[in-house]
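Work through the two exercises below with the model open beside you, and try each task before you read its solution.

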Amino acid sequence: MGPLVGLLAGVLFALGLAISGMTDGNNIVAFLDIAGAWDPRLALVMVGAIGAHAAMMPILRRRSRPRFTSEYLDPRPGKIDARLWIGAGLFGVGWGVAGLCPGPVLVMLPSAAPPVLAFTGAMIAGMWIYDRWNARTAGAPLSLE
Amino acid sequence: MGYSGASDGGLSIILALTGGLLIGCAANLIEWAFGQTTGVSGITASMLNRSKSSWHGFFLLGLLGTGVVLALFFPEMVVATRGRSIAAMAVAGIFVGVGVRMGGGCTSGHGVCGISRRRPRSFLATPIFIAVGMLTVTAIRMLMPGGQL
């Protein structure tokens, strides 16, 4: 049952991106184009998503444990350090250039458009390289966050 | 569909909010079922790092499978960004791949889940990547008048 729920969540997530226009990279660039023809829809997507999720979190947490696992896995509190804001900055640059981020790009991948393929391959490479470098220098287990 | 920034009144607003609700519902479903966040960058990375989590692979399958249906039957909904060379997309991909791992999340991980859970790191990261994204697009607009990168 668990795997099916995971699959359903992926489908819902993808449908949410598609119907809101977020599987069109140009719409993302338009949201970031505050000096130009601004498209506010990404903000509305986030308002809808945060609204739905934040409202349900306290209700969901009333249960003593999740349905298929033994405990709630909150991400480690984590430091607010240079990696956080440098990482966010790097992500912002790439996002601004491509209009793509991990969620939408995986939904767009089957379209096999060359820019999407190039971005996705490079993104996976970047993730892989960073995680390997991070594990080696920090000596810490690879984070799931 | 494929609005390209043109607003057709209330419909696109409603669709945007509804799409967001669906994404929030997906995150709620994952929280109910597995007690974990729905950050696509983290889920993708865990597959690369060969995690044993049962639901990650199926979640990605849901994203990709829906993408297959869209590509086959609703191709107008899936549009690659215009005015960007393959090289630019590749460089952007490296920045995003490194950035989401270094920063610990992306729009779904920090923007949706982190903010919904009131995590300080996400309240910092999300405005940063949005602001930097906006600066980047504005810089491209100013430096590349043709809009081609």
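**Exercise 1. Describe the make-up of chain A, beginning with the order of its elements.**

Solution. Reading from the N terminus, the elements of chain A follow the order α-α-α-α-α-α, and the count for this predicted model is accordingly given as six helices and zero strands. Next, consider the extent of the chain: along the principal axes, the C-alpha atoms of chain A fill a box of roughly 50 × 40 × 30 Å.

**Exercise 2. Is B:Thr136 buried or exposed, and with which residues is B:Thr136 in contact, leaving aside its neighbours within four places in sequence?**

Solution. Begin by locating the residue, which belongs to helix α6 of chain B, a helix that covers residues 120-143. A residue counts as buried when its relative accessible area is under 20%; the value for B:Thr136 is 11%, and therefore B:Thr136 is buried. As for its contacts, once the neighbours within four places in sequence are left aside, B:Thr136 touches A:Gly92, A:Val93, A:Gly96 and A:Val97. To complete the picture, examine the side chain of B:Thr136, which has a polar atom 2.7 Å from the backbone oxygen of B:Val132.

Definitions and conventions: Residues numbered from 1 in each chain as written. Chains lettered and ligands numbered in written order. Predicted model: local features only at pLDDT ≥ 70, side-chain atom pairs only at ≥ 80, totals over all residues. Heavy atoms only, no water. Helix = DSSP H or I, 4+ residues; strand = E, 2+ residues; numbered from the N terminus. Buried < 20%, exposed > 50% of the residue type's maximum accessible area, 1.4 Å probe, protein only. Polar contact = N/O pair within 3.5 Å; in protein donor to acceptor, adjacent residues only side chain to side chain. Contact = heavy atoms within 4.5 Å.
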